[in-house]
Amino acid sequence: MPTATYTPLATVTLASATGTVTFSNIPTSGTYRDLILIITAQRTGSPVNVGMRFNGDSGSNYSSVFMTGTGSGTPPSGTVSGTNVQLDVYPYPPSSGFNNYIVQIMDYAATDKHKSVLVRVNDAGNATEASAARWASTAAVNSLALTLSNFNTGSTFSLYGVIA
Amino acid sequence: MKLIESKTLGTAVSGVEFTSIPQTFTDLVLQVSGRSSTGSSRADIFLTINGDTGSNYSIRRLIGFDSGSVQSYAESGTPTQTNLISITGNGATADTFGNLGFYFPNYTSTTTKSFSVDNTAENNSSSAYIMGIFAGRYTTSSAITSIKIEPQSSNFMTGSILSLYGVLKGSDGIVTTS
């Protein structure tokens with residue numbers, strides 16, 4: 001985890017349950033090299049994984065490799081792909097208490113490379129997980145949307161820029 | 001991210017505690033470069049928050065290490081019962097230090113604290129290494145005001161460095177949310 005200065009860009013604390021949280025107008029002028037997204041989440045309804053989509057791209061342009069510690073048995077690992085970055089595979093936001101996500105989006109404003117994402121997810125009552133994801137696009141990231149059936153009240157989302 | 005306090009050990013100590021942690025940040029980051037005085041290649045680490053030694057901690061870990069295949073465990077209880085984080089010991093290759101990275105989101109909240117730990121103890125040895133990721137939980141409604149870490153039955157050796165940072169949320173006035 002980098003220890004460079006984080007510049008706060010925006011934060012959301014949910015006052016009511018919602019299915020999507022979107023950060024828009026993310027600067028792509030080169031001020032920042034990476035983005036850091038910190039989430040503490042709680043769900044309403046059935047367990048569902050959290051998705052992250054860049055620039056509204058709903059194509060099948062996202063893939064991930066993951067490894068998970070569930071607390072027992074052979075630790076699972078594998079790949080997932082689809083129409084968003086699946087931030088979690090085995091863990092998911094709990095219905096009480098909060099889990100946490102630490103998401104690093106590397107070189108997000110570059111226009112000559114696919115975007116790499118590192119994810120750590122933690123819920124001591126469920127699983128710990130690490131994953132690396134790719135968005136198969138050379139477009140600079142100017143928005144990101146997080147989806148769940150419903151993030152519950154009190155869930156927090158904070159976006160930071162990291163200066164190279 | 002702002003440095004709150006950094007401690008570089010000039011003498012060996014049994015544990016390091018950060019007290020009177022300011023309540024003005026959103027998250028806390030604790031970075032450790034440490035070596036234990038144990039004669040083994042590594043030592044477990046105890047994490048105690050707010051001086052609370054009760055059964056208020058739980059953890060899940062995923063580790064890869066020198067003793068076999070990748071493993072996962074879940075533990076709960078007191079700090080000494082959830083001592084699953086390891087750091088390099090004095091029986092390992094000379095001059096090697098292990099690394100720990102803790103992230104505590106929303107540490108001032110009045111809900112249960114969920115935190116993250118990443119850990120490596122790489123010693124340039126095929127018979128003494130470990131890395132792991134951990135999900136931690138501290139079940140309390142109190143804000144985190146102090147954090148103590150200590151190696152099991154040993155000291156942090158001279159040259160160990162422990163640094164606590166605060167992360168403050170906010171807005172740049174450009175990025176919008178919906």
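A: Two strands are said to pair if DSSP finds at least two bridges between them. Strands themselves (E, at least two residues) and helices (H or I, at least four) are DSSP runs, numbered from the N terminus. This is a predicted model, in which local features need pLDDT of at least 70, side-chain atom pairs count only at pLDDT 80 or more, and totals for chains, interfaces and linings use all residues. Residues are numbered from 1 along each chain as its sequence is written, while chains are lettered from A and ligands numbered from 1 in the order in which they are written.

Q: How do you know that β2(A) pairs with β13 of chain B?
A: β2(A) and β13(B), residues 176-177, share two bridges in the antiparallel sense, and the criterion asks for at least two. A:Phe23 stands opposite B:Thr177, and A:Ser24 stands opposite B:Thr176.

Q: What makes β7 of chain A and β13 of chain B edge strands?
A: The open sheet of five strands runs β7(A)-β4(A)-β11(A)-β2(A)-β13(B), with antiparallel pairing. β7(A), residues 85-86, and β13(B) each have a single partner strand, so one side of each lacks a neighbour in the sheet.

Q: What secondary structure does chain A have?
A: Chain A has zero helices and twelve strands.

Q: Why is chain A called as compact as a globular protein of its length?
A: The globule rule is 2.2 Å times the number of residues to the power 0.38, and the radius of gyration is taken over C-alpha atoms. For 164 residues the rule gives 15 Å, and the radius of gyration of chain A is 15 Å, so the chain is as compact as a globular protein of that length. The C-alpha trace spans about 45 × 35 × 35 Å along its principal axes.

Q: What makes residues of chain A and chain B count as in contact?
A: Contact requires C-beta atoms, placed from the backbone, within 7 Å. By that criterion, 42 residues of chain A touch 41 residues of chain B. β1(A) gives the largest share of this side of chain A, seven residues.

Definitions and conventions:
Contact = placed C-beta atoms within 7 Å.
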